[in-house]
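This report describes selected local features of one protein model. The sequence and structure come first, and the description follows.

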Amino acid sequence: MPLTDPHDDHLPLEGSSTAAPGAGGDPGAGAPEAEATPPMPEESDAGGPVDGLPEPEPVLPEPVRQRIVALTAAVLPVLPADEVPVPLRRVAKFAPNRRARLGGSVIAAQLTADPLFRQRVTARVLADAGDLGTAVVEGTAPAAADPVEVAALAYLVRPRGWRELIDASGAAVRAEADSAVVAELVREAEQRATRAEHDRAVARVEADKLRDELARVREELGQLREENRQLQRGLRETQARERRANELLATERGRAARAAADSDAELRRARARLAEAEAAAGVAKASAKEARSVDDARLWLLLETIGQAAVGLRRELALDPVDKLPADFVADAFTDAPAATPGGPAARARDTDDPARLDQLLALPRAHLVVDGYNVTKRGFGEMSLEQQRKRLITGLGGIAAQTGDEVTVVFDGAERMHGLPPTPRGVRVLFSRKGETADELIRRLVRAEPPGRPVVVVSSDREVADGVRRHGAYPLGADSLLRRLARS
């Protein structure tokens, strides 16, 4: 049977005429002398042709076939170029690791079809095989020899009984294959047994874990059941308390309804008593009005008598009307000499900052209103410029002077008199402190210049100013009282 490689699709190209290296137009040119081919033993009658027909090629085991191809592929490069068949000349140029793999089918076919080529290859192979090759030529096979190697050499050499050698080699190869299969099966069975044992161990561990988990879950379930019983008991108690609370709520609602009815009755009685009290108050108010009319008549007669007496006293003392007031002297002189402390100033001092108090004090006869200018403007409208602050304050004080007829003096800090001031309204005096003197000192000097008994009102939120003028008998008021009075004007 011809050698074929059913697994090799990479066959060399047919019809290639590429010669081996060193081969020219003459096949024998430059080639070394052909080695003497040892005489091959003649085949026996059993191995020879029958009735003139060649026997078919034996069925070779796959390892034997591959070994024959490998031996032939290894010999190709050392053969002379003219001894290499044309189909194998291109295969001879392949790399050693590709020669048997790609040219296996061509090599096998050539070995089967060309006995002379097979003899040339056999000569080279026997030269390399040594004692094993000699034993195979003699038709024997050493017991320790590789059966595949023996079968490959027997196929190439073909001594007497070479088919039996190949058959024995095939049996040995098959036995080794069977042994390998059995060993592989045993190894796989051992591996499966090992995996099964491991799986059983893992299963036992998992089972233990599951049992522990089941015990834990059962314990948690017991705890949850106990908590559920406690919650149900608490729910029943809460529902009982809710029912009691609803009963108490209904009772309290009844009591509240009765109390509301009692309150309505009491309210009706109180309204009746209020109507009676209002009627009695109307009667008393009418009586008080009549009594007040009598008192007003008596007071008018008294004031008229006092006024006539004052006119007579002014005529007797020959007091003429004055052109200047005390504050005018202070504004003109600005003297540094301390003024005499008037007697009993504390009798007219008042410690109050009630906004309504300003109207009461300005209603006094011949009252003098002294204002700390910047202290009031910066508190009331500090977002304006100083010029606008002064103008707004002076204009407002002019309205107060016109309404009350009182003397009004406003004092500002300033080393020298400002330029561009608006016209001063009638009844308003505007003063600026000199260099080295503050508006607070000038305000205290104006208060000291007033005679005892005259009502002097000083408007400033500065505590030092308020304490200083209070000691001299003036009435200190905060800046908010004047700002509210100006806003109302």
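The axes of helix H11 (residues 373-381) and helix H12 (residues 386-404) come within 10 Å and cross at roughly 105°. H11 and H12 are therefore roughly perpendicular to each other, a term for angles of 65 to 115 degrees. Axes here are lines fitted to C-alpha atoms, for helices over the stretch in contact, and angles run from 0 to 180 degrees between N-to-C directions. Helices are DSSP runs of H or I with at least four residues, strands are E runs of at least two, and both are numbered from the N terminus.

This is a predicted model, in which local features need pLDDT of at least 70, side-chain atom pairs count only at pLDDT 80 or more, and totals for chains, interfaces and linings use all residues. Residues are numbered from 1 along each chain as its sequence is written, and side-chain values use heavy atoms, with hydrogens and water left out.

On the H11 side, Gly373, Tyr374, Val376, Thr377, Lys378 and Phe381 meet Leu386, Gln389, Arg390, Arg392 and Leu393 of H12, where contact means heavy atoms within 4.5 Å. The residues of this contact divide into five nonpolar, three polar and three charged. In this grouping, Ala, Val, Leu, Ile, Met, Phe, Trp, Tyr, Cys and Pro count as nonpolar, Asp, Glu, Lys and Arg as charged, and the others, Gly among them, as polar.

Tyr374 also forms one aromatic cluster with Phe412 and Phe432. The structure holds three aromatic pairs, counted when ring centres of Phe, Tyr or Trp (its six-membered ring) lie within 6.5 Å.

The charged end of lysine 378 sits over the ring of tyrosine 374, and arginine 158 lies over the face of tyrosine 155. The criterion is NZ of Lys or CZ of Arg within 6 Å of the ring centre and within 35 degrees of the ring normal.

| Charged residue | Ring | Distance to ring centre |
|---|---|---|
| Lysine 378 | Tyrosine 374 | 5.7 Å |
| Arginine 158 | Tyrosine 155 | 4.6 Å |

Tyr155 is one of the buried residues of H7. Because 11 of the 11 residues of H7 are buried, H7 is largely enclosed by the rest of the structure. Buried means under 20% relative accessible area and exposed over 50% (1.4 Å probe, protein chains only).

Arginine 158 follows H7, in the loop between helix H7 (147-157) and helix H8 (162-317). Its phi is positive, about 55°, although arginine 158 is not a glycine. Most residues other than glycine have a negative phi. At 10% relative accessibility, arginine 158 counts as buried.

Arginine 366 also has a positive phi, near 60°. The loop holding arginine 366 runs between helix H10 (355-362) and strand E1 (368-372). Arginine 366 counts as exposed, at 55% relative accessibility.

Methods
Parallel < 35°, antiparallel > 145°, perpendicular 65-115°, else oblique. Phe/Tyr/Trp six-rings, centres within 6.5 Å; stacked < 30°, edge-to-face > 60°.
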